[in-house]
Each structure stands twice: as structure tokens, then as C-alpha cells.
There are 2 protein chains.
Amino acid sequence: MTPAQAARAREAAPSPAPGEYLAELEMLFARLHPEEEGAVIDTAAIASQVKAIVDELHPADIAHVLESLPLEARLLVWAQIGPDREGEVLLEVSDAVRETLLADMERSEIVAATHELDADEIADLAPDLPDDVVKEIVESQDVTDRAQLQAALSYPEGTVGSLMEFEVASIPEDVDCEAALQYLRKYDELPGQTDALFVVDRDNRVKGRLPLNTLLVTNPDVAVSGLYESEVATFVPESDADEVAQAFERYDLISAPVTDAQGRLIGRVTVDTVLEYVRDRQEQQELGKVGLREDEDLFASVFQSAKNRGPWLALNLCTAFIASRVVGLFEGSIAQLAALAALMPIVAGIGGNSGNQTTTLIVRALALGQVSMQNARRLLLKELGISTLNGVVWGGVLGIAAWALYRNVALGGVMALAMLLNLVVAALAGFFIPFLMDRFGRDPAVGSSVFLTFITDSMGFFIFLGLATIFLV
Amino acid sequence: MTPAQAARAREAAPSPAPGEYLAELEMLFARLHPEEEGAVIDTAAIASQVKAIVDELHPADIAHVLESLPLEARLLVWAQIGPDREGEVLLEVSDAVRETLLADMERSEIVAATHELDADEIADLAPDLPDDVVKEIVESQDVTDRAQLQAALSYPEGTVGSLMEFEVASIPEDVDCEAALQYLRKYDELPGQTDALFVVDRDNRVKGRLPLNTLLVTNPDVAVSGLYESEVATFVPESDADEVAQAFERYDLISAPVTDAQGRLIGRVTVDTVLEYVRDRQEQQELGKVGLREDEDLFASVFQSAKNRGPWLALNLCTAFIASRVVGLFEGSIAQLAALAALMPIVAGIGGNSGNQTTTLIVRALALGQVSMQNARRLLLKELGISTLNGVVWGGVLGIAAWALYRNVALGGVMALAMLLNLVVAALAGFFIPFLMDRFGRDPAVGSSVFLTFITDSMGFFIFLGLATIFLV
């Protein structure tokens, strides 16, 4: 265990009631802006009270506080955090908030903050740091750490390497439990989240794992060789991080060894890192679905936020504009029968709703690896069946409503037929768009919806107004 | 450790390449439907080959296979699974697929399958079983198990109790490490996911936790009382499950004790259960956003699927119909200037896109507990600022486009103004809808979007057509 980890473990007392300290801090900050003018503000006293609160907090709770506060108050809290904890807090805060904190730090302060971190943790921060600061950090490490840090920096995001840590407890295969225990006592403390020791041969190749659970309940004179589990999920740093995440979820793992191509133990992945990875990925997808390119600081400036959100609106503006031109083609028909304008958004809208249901299910099945060549055709037929059924039912309902409203049988018929056809289009689009996005290496969970809506809108207008032009005007 | 858990642990060898076995199985099933007519199908041989494959698989992998296969093939695989593993597989499959499997089982088979499960696991299955089967299962248990099962059945979904398991390793506080180790060796194996022993006093009240890591590296003669961590996040069964999930994520926990109101240890929650809970909840939200009420079996019948998806389409039909009636109010204006019909969907659509961005950020901030009375006003002002800025920029762009297309300055002006106003409406709706839903105890992540779109559509049409009626016709 590194001194950094030891220090952290001491402070890792979770807060009994998260949220309470936030209210406490906000009351303190309220005193910075007193209602009565000319009141004396004792900034130093407030700062020291803030310090007393944050000193008691777990780094994850400090991160939460920083994310929940506007910039001014955030920097006041940040200033009260000792240099030995800054690194850990930087790891915990969101990317957007981290930027605001780093912008407030001197270069030497940043380098100092990383001294308390492990190589893999520094690598997590590196993308947010200027290149020359990273270089300085690398140079400030001793030889072993520097080699590890350089390795950690070399793994691209989304690989197992980027989730890997180097601290790992292993034992040789040819000892007994007593010797294994002796061996372990050389550590001050085992690395966090160690649920098993990795059993290695003389060349440091992974042979299996010995759960601490088993070690603890076994008599000391039993040989490790007869005790360890030889079937272990191992990973190489180049693998896709999603692969690890799936294995952890499926097999309820706590830690798994990472080896080089020759099977030699070089590090491990732990469940807390995986949980964080899964969360981050989901959050990015959720934000990505509404075109928020990155995590947005809750208190970012209006201008910055608009810049973050603008491109999505521009993209949607383009697709809406094209759909609008489709309507433009039929202005002559609309001028003759204005009811068409009132009814056309219904056809387009329900197509979008229905297509999104299909897309959501296909995206999920793709992510879970449940779609094969064999069953894809079957799924498509099923989706077409559902949309036909829905089209007949809801198209019928709407056709009757249109007829009742406008006393025009033909209009009701056109409405019903257009609904049916657009729902079939929606099923096709909802089915194929995620496949194509997946094929072209884009995340189907993120961009499918905008393409889908574009198609269901344009086609909905085209089908409805086209049929109306043929049969009604 | 129960015999069931021991049996499972033996089989828990994760598959080296998930997906491969699925392809293998599908090739077998293809032989059930040979291309040439009259070919001899050796069903028994195929079944025994299927059995050979699934016998080697982890229950989670079997679940994955079952979920990826159409009903006929699924039941063929299911028939090859021994009664000692059926319970475990039932736990792993999705709700929708579980239903299809249970429908294929005799009552006595269901009761037998639960014999290999712990009380908390049976309680997880219970909601999908008929009441009289649950009663029979309860009666088939011995006295201790029956009491635990009844307790487990009594905790409502979404509480800590529903995530809790009863198997837990504890040690008295007044022993030394040697005695603790001796004590542990009485277990055949510790319960899975045990990262720490809970230290209890004579009344079984939780005093703290002793990480196995620490125990392993400490000399046997050290007293437990001086070694254990006394600050522990503990939970009661009645607490909200989300609270536990947040604590696990924030503090990187592996297991946490659950106590009764007097602080006596009654069970524990482990990280694998929490990870599953978090996943399930997110999945439900994702499906709920597009109105899929429940998990849908990939191979459900067209009719069943349509029933699952229908109510959402009906709801959207109603809102779209109301929005359509807003347009209906202005049919006179549209008949005079058909361009209005072409342009109005743009105003409504971009409002929806922009409002969804606001809603997504607010929902997230609410879920993370980052919104307080103090900063809510500030957030609202920020959102209004962004929408005004976007409204001026994109309203301007669209106004110019409308003017260029139709050579009508007034139309361009109306377009620009309507965009600006509808984006402001979208910001207000996007901000307040999640708050109100949260206030009324609904999950804002699920239903916000349909309300939002309703408002941005109706108001978008109303504002644009209303302004056009005043200034253009």
C-alpha cells in the first residue's frame, strides 16, 4: 500500500448524512452576502469554519459539495483543502468542475497534488492537464513510478489498460497457506478491493486466484497449489473496457488480473473502477442523447453552456428545415384544405414515438449481444408486425376522429392510411438505424434518435400530404 | 456457506469467450429445421449436445443464451438444465423471459428449484410466482429458513431490505486475531463478497468492521478491539435502496451491514446486488422513457408487444391531437398563407430539443442531490439566459431563411420572434416539469419528455400561428 492510500483509508469514514453538510456550508456562504448593507463580513472566520467541515469529509463528499456550489463558493471551499487531499478530490469531481478547479491552481500546486496519487490515477487526470504539466509530473516521479506512469499514460481511453491499476497482491504457487499468510504480513495493508490473491509461477505468469475467504478458513498447513481456483477471467491492457465491465457484472467479480501477452501479471482491475466506468459511460450516453457534448458544470456561464448545446440545436434545425421543405412541396394542397396542416403533425409525431420504441429495444439487444444474423430477420418481422397492428388500430381511431371533425370521409381514409404507412416506415427506420450506426462504429444509443425523427417527420409529412394531394384536392 | 452456494461456486468458471457458445447452439438448432424435406432429425442427439454445452456454462451465461433465443429453442435449452441449477438461472434472466420459463414449469418443479436458493433469492422470484406456489415454498422450508424467508418477503421493492441477504460473517469484539481466524475456520467458506468481518458486541450490535485485508497482514496476537474500523455505513431494512446504492458508489464499498432499529446485525448488502439494482433501475428508466412499461422479451408475440407499447402511443396520440387542435384554431390563417404550415413544425421541434436539454440536466442534478432552494433560482435564470441567447441566434438564422425563401420580411420577423419565445417557454417547461414530477413522487427521468413535448408543440404552434395571424393576415 502506498502512503497515499493509507492516508486515504484513514479519512474514508463515510458521512452519516450526506446532504447535511451541504446545507451547513450554504448557510455559511449566505453570510458572505448579508442582507443589510455595510454589515461586517468576517471572511477569515467563515473560511476556517468551512475548513473544519471539509476536513471531516470523505473526498467523494467534497467532490459532491464542489459540484453543487457556484464558482465563487466552490473556489472558497477548494482553497480550504489541504495539498495532500487535492489530488484525490480532483479524481472524484466531474470533468467540467475539474476544469474550473485546475484553472484556479498554480502549476506547482498541480504537480504537488499528484504526488499523493498512483500512476493509474495520474493517468486519469492527464487528459485535463496541459502537456508540459504532465511532462513535469512524469519527471518528478522516481524510476519505478515513472515507468508505470508512462505505461498508464500510453493506454487509450476505453481500453482495459485505462482502468488498470498496478498495485496487486500475488503469491507463488508452490507455498502453503502459512507461508502465504507470512508473505502477506510483509504488506502494511493489502491494496484496496483485494478479494483474492493472484497465484503466479516463477515467471510471474498467472496460474489462478486464491480468494481471501478461502485462505482465511483453511488450515495453515494446506498447500496453495491444491487450493486455488485455476479458471480465472484475465484480461490484457489492449482489450475493450466494455468487455471487462460485462464480465464483472455477469460473474459478480471484485477484482481481475491483467496480464501481458505472455500471461505475466502486470496489474488488476477492481469493481469500484468498473462501477465508475459503467456510470460514466451511461451518463455520457444520457447527455449525448439530447446533444450535450460533455458533462456541463451546473454553474457554467450562459455563454459556455450555449456553446455546449448549440451544435445539437443546429443539427436539429437542419433536419427540421428539410422536413419543412417537404411540407413546402404541398403548399398548394394545404391552401385548399387547411385541415391538412392541423393533422400532419400527428402522423409525423406518432411515427417518431413508435420508431423510438423499436430503436430503444434494438439498441439494448445490440449492447447485450443478443442480436445474431439468425434472429435479426425474425426481429425485423416482429417489429413490422407490431407497427402494422398499431397502424391499423390507431390509424383507425385517428381516421374516425378526422372524419368526425371535418365531416370528410376521404380525409379520414387518408389519415388512417398515412398513419399505417408511417408506422411501418418508423419500424424500418427504428430497426436499421441502430444497426447502421453500430456498423459504422458510432454509439447507436446516442445518435439514433435524431436520424429517426428526421425520417419519421419527413416521411410522415410526405406520405400524408402526398396521399391527400392524390385523393383529396 | 449453504450447499447451494458451494455448488454454484464450483460452477462459477467464467466463459473465456461469451458469444461463441451462442453461435454453437444456434448451429445445433438450425439442424432442427433442415432445408431438405424429409431429412431425419435426431432430436435426442441434438438435446444431448445442447446439454453438454449448457452444463459447462455459468448460470449468467445460460441466462444470456435463454434471452437470445426464440421461444421454441429457449424451452429446448431450458429442458436440459438440471433441477439443481434452475433456481439460479431463474434469478439471472430478465423478468419477461422468466415468465416464459415459469409458464413451462410444473408447480412441483418450481418449488424444487427454490430449494437451492437462499431466502433473499426466493424473495426476488416471489413477485413472478402465483401466491399459492409462494405459500407452498414457504411451507417447504425448515424453521430458521422459513422465518428468514418470511422476513425477506415482507420488505417492499426499493427498500434496503429487498437487497439484503442474511448470510453474514461476524466476530465478537473481545477476541484477538488468532481467535478470529480460528473462529472463521469453522465456516466451510465465507459468504461470497465478504471483504470484511462485522465486529459485534455481546448483544450482536454492530461496533465496526474488520477488513479481511487487515486481518491477513496482522500478527495473530493483536486484539481485534484495537484493529477494527468503527466508522461504518450501516443501514436499516426500511431505508430507500437508492441510499445504499449512492453510498456504495461514493465510498467504493464491497459490503455493508444491515441492522434492526436497535443496531443489531441482521444481514448485509453486497456490491454485486447493488450493481444489479443500479442496472435494473437504469434499464427501467431507459425503457420507460419511450413508454415500454416493462422489459420486453425480444421474441414476445406481436400481440403481446403491441399491448406493451400501445398505451404510450395512445397517450402521445392524445397530446398530439390537442396540439393539432391548436393548429385547427388558425386554419383560416393557414389557408391564406400556406407557408405557415411548412414553418410551424420547425418552431415546435426546436423548442422540444432545447427543452429536453434543460430537462436532462435538471433531472440529473435532482438525482445527484445538487439542487437546493438556494441554487434553484440561479439555475432557472441560467437556463432562461441560454434559451434567450439560443433564441436570438437560431431565431435570427431561421428568420433570415424564412425571409429568403418566401421573400416576406414580416414572415421572417414572426418566425424569429416565435422561435425566441418558444425557446423561453421550453426552458421554463424543461425546468419546472422535472421539479413538479419529483414533488408528486413520480420519477422525473421517465415521464418528463412527453409533457415537455406536449407543451413545446402546443405553445410553438400557438405562438407562431398567433403572431402570424396578428401581423401577417
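Mentor: Two residues are taken to be in contact if their C-beta atoms, placed from the backbone, lie within 7 Å. The model is predicted. On that criterion, Pro59(B), Ala60(B), Ile62(B) and Ala63(B) of helix α4(B) meet Arg85(B), Glu88(B), Val89(B) and Glu92(B) of helix α6(B). By class, the residues of this contact comprise five nonpolar and three charged, with no polar ones. Two packed helices are described by the angle between their axes and the distance between the axes. Here α4(B) covers residues 59-68 and α6(B) residues 83-92; their axes come within 8 Å and cross at roughly 65°. The crossing of α4(B) past α6(B) is right-handed.

Elsewhere in chain B there is an open sheet of three strands, ordered β1-β2-β3, with mixed pairing. The strands β1 (170-172) and β3 (206-211) of chain B each have a single partner strand and stand at the edges, so one side of each lacks a neighbour in the sheet. From one strand to the next, the twist averages 35°. β1(B) runs parallel to β2(B), residues 196-200, and three bridges join the two. Within this sheet, Pro172(B) has Val200(B) in β2(B) as its bridge partner.

As for the neighbouring chain, 96 residues of chain A are in contact with 96 residues of chain B. The side of chain A that touches chain B consists of 49 nonpolar, 28 polar and 19 charged residues.

Key. Residues are numbered from 1 along each chain as its sequence is written. Chains are lettered from A and ligands numbered from 1 in the order in which they are written. This is a predicted model: local features need pLDDT of at least 70, side-chain atom pairs count only at pLDDT 80 or more; totals for chains, interfaces and linings use all residues. Axes are lines fitted to C-alpha atoms, for helices over the stretch in contact, and angles run from 0 to 180 degrees between N-to-C directions. Helices (H or I, at least four residues) and strands (E, at least two) are DSSP runs, numbered from the N terminus. A crossing is left-handed if the near helix is turned anticlockwise from the far one by less than a right angle, and right-handed if clockwise. Ala, Val, Leu, Ile, Met, Phe, Trp, Tyr, Cys and Pro count as nonpolar, Asp, Glu, Lys and Arg as charged, and the others, Gly among them, as polar. Two strands pair if DSSP finds at least two bridges between them.
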